[in-house]
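Here's a quick tour of how this protein is put together. Have the viewer open and follow along.

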Amino acid sequence: MATAKKYDVVVFGASGFTGQYVVEELGRVTSEEERGLTWAVAGRSEEKLNKVLEKAGATIGADLKDVVDVLIADVEKEETLNDMAAQAQVVLNCVGPYRFYGEPVVKACVKNKTHHIDICGEPQFLESMQFKYDEEAKKKGVYVLQCCGFDSVPADLGVLYTVKNFPGRINSVESYLNLSAGPEGAVGHYATWQSAIHGLANAEELKKLRKDMGTKKPLPKSGPKLENRGPAHWSEMMQKWCVPFPGADASVVRRTQRFLYNNGENFPVQYAAYVSIPDRIDLFKFQAASKVVTGLADTEFGLGLLEEYPRLFSLGYFSHEGPTQKQIEGASFTMQFIGSGYSNAVLEDGDYDGPPNMTIATQVEGPEAGYVTTPIVMVQAAITLLREMKKLPAKGGVMTPGTAFKDTSLVERLSDRGVIFSVTAPAASN
């Protein structure tokens, strides 16, 4: 990986909750496979960063402190961000919520011709960065690659994987996420909760942004409009109640489909994302909590309550402390995709005004989503960018995972590390 920059990769925000796991995964990969990769960790506190390297080294059985440099960088000190970015070919930005801390890092990376990868799940930040920096990034040959974690690589690349394995034209894809917890239960970290509630609080800003960007215009459809399943529905496939997935997946997939269609690469796929709920009682709790949280997020006082008491208002699913190591080790996820469309025979006849005549089922499965799968995805996204840059579209820009990695080996790389893509039911006539 010859480069004029000192480091191939710098992990910014390495001392944060997720950053620690990203450092461990990058240390594991560079110890096992990518031995020639040069990297550093960055953040505000040298002491904390050294502790991160010490802990990560103990976890993976490697002495990282002797081979990984420490850089001091602070989102409130622009010169430190520029100094960090100037030394890196790729910055892995782990500092969230991105709404508060993300833009200075993107700005520094674009300015210094440094590629940027985040693990953001905040649609307003993601789309505003595209609005502000896409043209400049293209001019400078910089890739700003977004949501390269559990949000939203399984969904975005899962849809493209489904399309790739379908012998015809897919009209729509629905995904169903199942999160499994071990005997210790499951809980998310406060930073994820904070990102979510501030997204709710600023929903109107996102609507205005999309109007300004022109992305609210509907894309053409190759068949019937995808059914709106409402606030909850029973899934025969999952054998569970399901609700619309509240994360960024749907918006990210739509952005990818719009980009590919605008560039003449495929007919746009309609998409809907759902998450399963264990039983009817949990469904009632989820819906009641959602109404309370949405209502509180509309006021400054209510938002303060949500930030102070995440465990209470999330029904125990988020906390300031985050998950324990046992909780992380016991968790896993499965995301199943059902694609519906038209066979090649129907397309050749030109008779695809009726209902789709063929379906396919695919799946992405992996370990715990937030702190195992996300670091795996983020690190492999960086390796793929460095190794296969010629396979990425254009010569830079602000991109979703599907836009950037459609023609690369990222799916295969992820499968090799336990985030596995597979066809569970080959395409067949209805």
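Leu81 sits in helix H3 (residues 78–86), where helices (H or I, at least four residues) and strands (E, at least two) are DSSP runs numbered from the N terminus. This is a predicted model, where local features need pLDDT of at least 70, side-chain atom pairs count only at pLDDT 80 or more, and totals for chains, interfaces and linings use all residues. Residues are numbered from 1 along each chain as its sequence is written, and side-chain values use heavy atoms, with hydrogens and water left out.

Two buried residues make a handy pair to look at, buried meaning under 20% relative accessible area, exposed over 50% and partly exposed in between (1.4 Å probe, protein chains only). Contact means heavy atoms within 4.5 Å, and the lists below leave out residues up to four places away in sequence.

| Residue | Element | Relative accessible area | Contacts |
|---|---|---|---|
| Leu81 | helix H3 (residues 78–86) | 2% | Phe12, Ala73, Asp74, Val75, Pro104, Val105 and Ala108 |
| Ser175 | strand E7 (residues 168–180) | 1% | Tyr271, Ala272, Ala273, Tyr274, Met335, Gln336 and Phe337 |

Leu81 and Ala14 are 67 residues apart along the chain, and 14 Å separate their C-alpha atoms.

Next, the domains. An automatic or database domain assignment sets the bounds, giving domain 1 (7–145) and domain 2 (153–369 + 412–429). Their centres, taken over C-alpha atoms, are 26 Å apart. At the contact between them, 20 residues of domain 1 meet 25 residues of domain 2.

Now for the nonpolar cores, each a set of buried Ala, Val, Leu, Ile, Met, Phe, Trp, Tyr and Cys residues joined through side-chain atoms within 4.5 Å. The largest has 86 residues, and those touching the most other members are Val11, Val23, Trp39, Val41, Leu92, Ile117 and Leu145. Helix H16 (residues 369–387) is its top contributor, with 10 residues. Domain 1 and domain 2 each supply at least three residues to this core. A second, separate core has 16 residues, among them Ala40, Met84, Ala88 and Val91.

How do helices H5 and H6 cross? The axes (lines fitted to C-alpha atoms over the stretch in contact, with angles from 0 to 180 degrees between N-to-C directions) of H5 (residues 103–111) and H6 (residues 123–140) come within 10 Å and cross at roughly 10°.
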